[in-house]
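Morning, everyone. Please take a look at the next slide, and I'll talk you through it.

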Amino acid sequence: DYYLEKAPSWPSVGEYSSVFTKDLDHSGEINKGNAIYLWSVLGAINMQDYRQSANAFRASVWGDPEVVMKCIKMDKAELKKLNSICIDDFDSAKGMVDQLEQKSIASIAAKLKSINW
């Protein structure tokens with residue numbers, strides 16, 4: 001673990017540890033039931049410990065200057081249908097997706113519901 005490697009012990013009482021910075025650039029996929037979740041995180045975090053007393057500790061973690069996290073949930077059955085459309089008529093499927101790119105979440109949901117699968 002990065003943090004344990006950089007700060008293997010707490011600072012002395014009344015003192016702060018050094019600030020440690022960890023760059024984040026990770027993404028992944030989680031399959032759960034009929035959904036696929038795609039996620040990503042990008043940025044950097046700072047970490048610092050403070051020892052208030054012999055038995056009181058405080059660890060602080062904050063973005064540097066910010067950490068961006070994104071997640072999208074997709075329905076596997078609907079993705080399968082869209083994939084079929086892509087195979088049959090890629091330009092049509094691409095056009096549908098391109099039109100959705102500039103829309104709000106509510107209008108995207110309405111458009112997807114209106115497609116005659």
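Start with Pro65. Pro65 sits in strand E3, which covers residues 56–75. Strands here are DSSP runs of E with at least two residues, helices are DSSP runs of H or I with at least four, and both are numbered from the N terminus. Now, which peptide bond is cis? The one from Asp64 to Pro65, with omega near -10°. For context, most peptide bonds are trans, and most residues other than glycine have a negative phi.

A word on the source. This is a predicted model: local features need pLDDT of at least 70, side-chain atom pairs count only at pLDDT 80 or more, and totals for chains, interfaces and linings use all residues. Residues are numbered from 1 along each chain as its sequence is written, and side-chain values use heavy atoms, with hydrogens and water left out.

Now the overall layout. The chain has 4 helices and 3 strands. From the N terminus, the order is α-β-β-β-α-α-α. There are 117 residues, and 17% of them count as buried. Buried means under 20% relative accessible area, exposed means over 50%, and partly exposed is in between, with a 1.4 Å probe and protein chains only. The chain exposes about 8,800 Å², and carbon and sulfur atoms supply 54% of that. Those areas come from the Shrake-Rupley method with a 1.4 Å probe; for residues, only the protein chains shown count as cover.

On to the strands. Two strands pair if DSSP finds at least two bridges between them. E1 and E2 pair in the antiparallel sense over 13 bridges. One example is His26, whose bridge partner in E2 is Val41.

Is Tyr37 buried or partly exposed? Partly exposed, because its relative accessible area is 25%. Tyr37 touches Gly28, Glu29, Ile30 and Lys32, as well as Cys71, Ile72 and Lys73, not counting residues up to four places away in sequence. Contact means heavy atoms within 4.5 Å.

Next, the core. Which residues make up the largest nonpolar core? Tyr3, Ala7, Phe20, Leu24, Val41, Ile45 and Met47, 7 residues in all. A nonpolar core is a set of buried Ala, Val, Leu, Ile, Met, Phe, Trp, Tyr and Cys residues joined through side-chain atoms within 4.5 Å. Strands E1 (20–32) and E2 (35–53) each supply at least two residues of this core. E2 gives the most, with 3 residues. Take Ile45: leaving aside residues up to four places away in sequence, its contacts include Phe20, Leu24, Val61 and Trp62.

Asn46 counts as buried because its relative accessibility is 7%. The side chains of Asn46 and Thr21 are joined by a polar contact of 2.6 Å. A polar contact is a pair of N or O atoms within 3.5 Å; within protein, one must be able to donate a hydrogen and the other to accept it, and residues adjacent in sequence count only if both atoms are side-chain atoms.

Last stop, helix H2. Asp75 caps its N-terminal end, with a side-chain oxygen 2.9 Å from the backbone nitrogen of Ala77. How far apart are the end C-alpha atoms of H2? They are 19 Å apart, which agrees with the 18 Å that its 13 residues (76–88) should span at 1.5 Å a residue. That expected span is 1.5 Å times one less than the number of residues.

Lys76 is in H2. Lys76 is partly exposed, because its relative accessible area is 30%. Lys76 and Asn34 are 42 residues apart in sequence, yet 5.4 Å apart in space, C-alpha to C-alpha. Neighbours within four places aside, Lys76 is in contact with Asn31, Gly33, Asn34, Ala35 and Ile36.
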